[in-house]
Every structure is written in C-alpha cells, then in structure tokens.
Amino acid sequence: MKVERPLRIAIVAGEESGDLLGADLVRALEQATGRKVELIGVGGRHLESLGLKSLFNAGEVALMGISAIVRDLPRLIRRIGQTAAAIAGSGPDCLITIDSPDFSLRVAKKVRAAAPSIPIVHYVCPSVWAWRQGRAAAMRPYVDRILCILPFEVEELGRLGGPPGTYVGHRLTQDPGVARAAAGQDGPRDLSPDRTKTLLLLPGSRRGEVGRLLEPFGETVTELRKRGHSLRLLLPTVPHVAAMVEKTVAGWQFKPEITADPEAKWRAFAEADAALIASGTVSLELALSGVPMVSCYKLDPIIKPVAPLLLKIWSASLPNLIADRAIVPEFYDRFVRPQMLARQIEALFMEGGMRAWQKDGFAEVRRRMATERPAGAIAADAVLELVKRAGAI
C-alpha cells in the first residue's frame, strides 16, 4: 500500500494569537488531507505541541509599535534573513505567515525571491484599510492569498489592488469563553440606580498601553464614585504586565480585583455591566460577548505627529467597522478625559439609550461575522487549493 508523504508546511507566527491560529490551521490541514503535517519555521507553544521546532523564540518578533521596532531593528533584520533562508532551503509545499506583518511579510518577500515556486499565504490581513494603504498592492508580487478574519477585508483588498482574499471567519466567534460570557450577558440584569455596578477595566496587554491609560482609568473610577456610583472593579490582565498593573493601582483609593487567569477573564466578561477599554481586539471580544463599552487609546509618541497623515479610516473600533455604524464611542489622546469617560460609562449603566444601541449593534456584528464552518477548516481549504495548483499534492 502506498504511503503518502507528509505535507511540508513552513510557518511564521510571532504573536500568541497567531500561534493559536496556526495550530488550528495545521490540525485542519491534517484532518482535510489525512496526512501528517511536518512544520518548519517560527512559532510558540501551540505550534510546538504539533511538532514545530522553532528556529528561535517567537517572542523575539512579537513587537508592536514603531518605538519597539526601531529599537530592535538590527536583531529583527538578522532574524528575517535567518528565517527566510531556512524556509527557502527546506523546499516546503507552502509558506504560511501569520500576522506580525512587519516581520512575517519581510520573510515572505525574501522567500519568494529565493524560491519563487513556493506558494505563500498570509493569515490575518494587515490593516491596509486603516493606514499605509499602499501595502495592499505591494504584497501582491509575493503573497498569493490572504486569509481574512474580518468580513469587510476581502472587498478592501480588491479595492486597493492587493492579493486575493478569503474570509475565513474569526476564531473568537467560536471561542468557548466568549460563548460563556455571552450566555451571562443574555440573562436578566438588575440595573437599578442603587445597585452596585460591575465595571471592567481593560487598559491593554502591552506595557506602553498600560502606562498611558491606567492612570486616566483610575481617575474615571474616582469620578464615577463622586457621582454616587457604587462599583465593583474587575481588571483582567496578562502575566507579562500583571506586576506593572498591580504597582500602578496600589495607590488607588478604590482598588480593582486583578486577575491574569483566562477563565477568570471570561467570568468577568459575563458579570460586567460595562467596560472601559484600550482600543484593540478586546473590543471584538466584548462585542461578541455582549458587554457595553467605551474605547480609548493614546498613540505611541513617535507615530503621534504623523498619524493624521497615515490614518485613512473613519473608526478604529472593530465593532464599528464590522457593523458599519458607530456602536462604540471612542476617545483618543487629549480626549481621554476622566470626566467625559465617567459620563459615558454612566450612560451604559442604564437600560435603553446607549446601552440598547450597543446591544443591537453587537447582534449585527455577530450576524456579519458568522460562518458555516470553523475558521481553521475554511483556511485549510484555501491553502490546499494553492498547494494543489502548485502541483505539490
């Protein structure tokens, strides 16, 4: 009996979220083909559990913000060259780069130059719809397919002359934690004025975000207390910034319950009456969970002067972009004012009005993001189509 060789996949995933997406995709490829998948490249613990021996610690390329990239540029350039050479030399059936575009797409470009026959897929569309729109067309010579996790991105890639896109869906739509949180939000909720309200504080998962936002968040809490609100404060965070968070809130008069446990985070989402957040993927987690929110952000000091020239989008909130209407209020830089934020949160503590508007908008987000099959399975079909076209299987 003929034994089919394993499918050889090169993969580059820096962020934890990309590592999870990659692991889902690899498992789906094995299920769809009935073959073992051999991996080469860069990834974290989830891909390593499937047999990847990462070329180096994936955390080295999990950088966000211009400041971090500039600071570590020499090392990043060295790692880009090392990764591209290893992948091109191994002759994989396909290269899949996942998110972290400042690193992974540079690897893809070098691999295409060194080994033009290798199909290249990029998973998670760069935010070309928001800024630096010329990146879309620039990707076309060395990326054969982009797997999009937001429903509007396929159309945007076409409009901007980028590579073909496939909407695969977002893993959050089928996340068990999101489902549990949504079930808690769907139940009856006592919002009477004299009841203690549960407020989620989510100042971000990166040190820069936490450093810029946690202080005004604390001042917002103080303002809400002055306005007569009894509050229970929940602050889910991640291990690498937990110590920073604890140090910052140590001087607060009204202290939050801090946790870095993922399961406790989803319980907090289920119990919350409203959330004050740093703009980012957490807004989508909250929208799919049904938690009303106010979004804030303070830009990296280096990019702040040129941001108005680069940004090409009407909102930075993912729920707003997906629903194509202003669901979540957003406050940036000098407009992150505790007195205003407190009044916005206050409005979400009441039935009807802003709260009802957001809840209705979140239902539209869920509808637009729904897919009939899991994201990994749809992504695997797109990858296999390219591999078959290249004659590898």
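Trainee: Does Ser100 count as buried or exposed?
Mentor: This is a predicted model, in which local features need pLDDT of at least 70, side-chain atom pairs count only at pLDDT 80 or more, and totals for chains, interfaces and linings use all residues. Residues are numbered from 1 along each chain as its sequence is written, and side-chain values use heavy atoms, with hydrogens and water left out. Buried means under 20% relative accessible area, exposed over 50%, and partly exposed in between (1.4 Å probe, protein chains only). The relative accessibility of Ser100 is 12%, so Ser100 counts as buried.

Trainee: What is the phi of Ser100?
Mentor: Ser100 lies in the loop between strand 3 (94-98) and helix 5 (101-114); helices (H or I, at least four residues) and strands (E, at least two) are DSSP runs, numbered from the N terminus. Although Ser100 is not a glycine, its phi is positive, at about 40°.

Trainee: Which loop holds Asp333?
Mentor: Asp333 also has a positive phi without being a glycine, near 50°. Its relative accessible area is 17%, so Asp333 is buried. Its place is the loop between strand 12 and helix 15.

Trainee: How many residues of helix 15 are buried?
Mentor: Helix 15 covers residues 338-348, and its buried residues include Pro338, Leu341 and Glu346. Among the elements that cover them are helix 9 (207-226) and helix 16 (353-369), where contact means heavy atoms within 4.5 Å. Helix 15 is mostly covered, and of its eleven residues the number buried is eight.

Trainee: How far is Cys148 from the nearest cysteine sulfur?
Mentor: A disulfide is a pair of cysteine sulfur atoms within 2.5 Å. A search of the whole structure finds zero disulfides. Cys148 is in no disulfide, and the nearest cysteine sulfur belongs to Cys125, at 4.8 Å.

Trainee: What is the relative accessible area of Cys148?
Mentor: Cys296 counts as buried at 0% relative accessibility. Cys148 is buried too, with a relative accessible area of 0%.

Trainee: How is helix 1 placed against helix 17: roughly parallel or roughly perpendicular?
Mentor: Axes are lines fitted to C-alpha atoms, for helices over the stretch in contact, and angles run from 0 to 180 degrees between N-to-C directions. Helix 1 (residues 16-33) and helix 17 (residues 375-389) pack at about 65°, with axes 8 Å apart. Angles under 35 degrees count as roughly parallel, over 145 as roughly antiparallel, 65 to 115 as roughly perpendicular and the rest as oblique. Helix 1 is therefore, relative to helix 17, roughly perpendicular.
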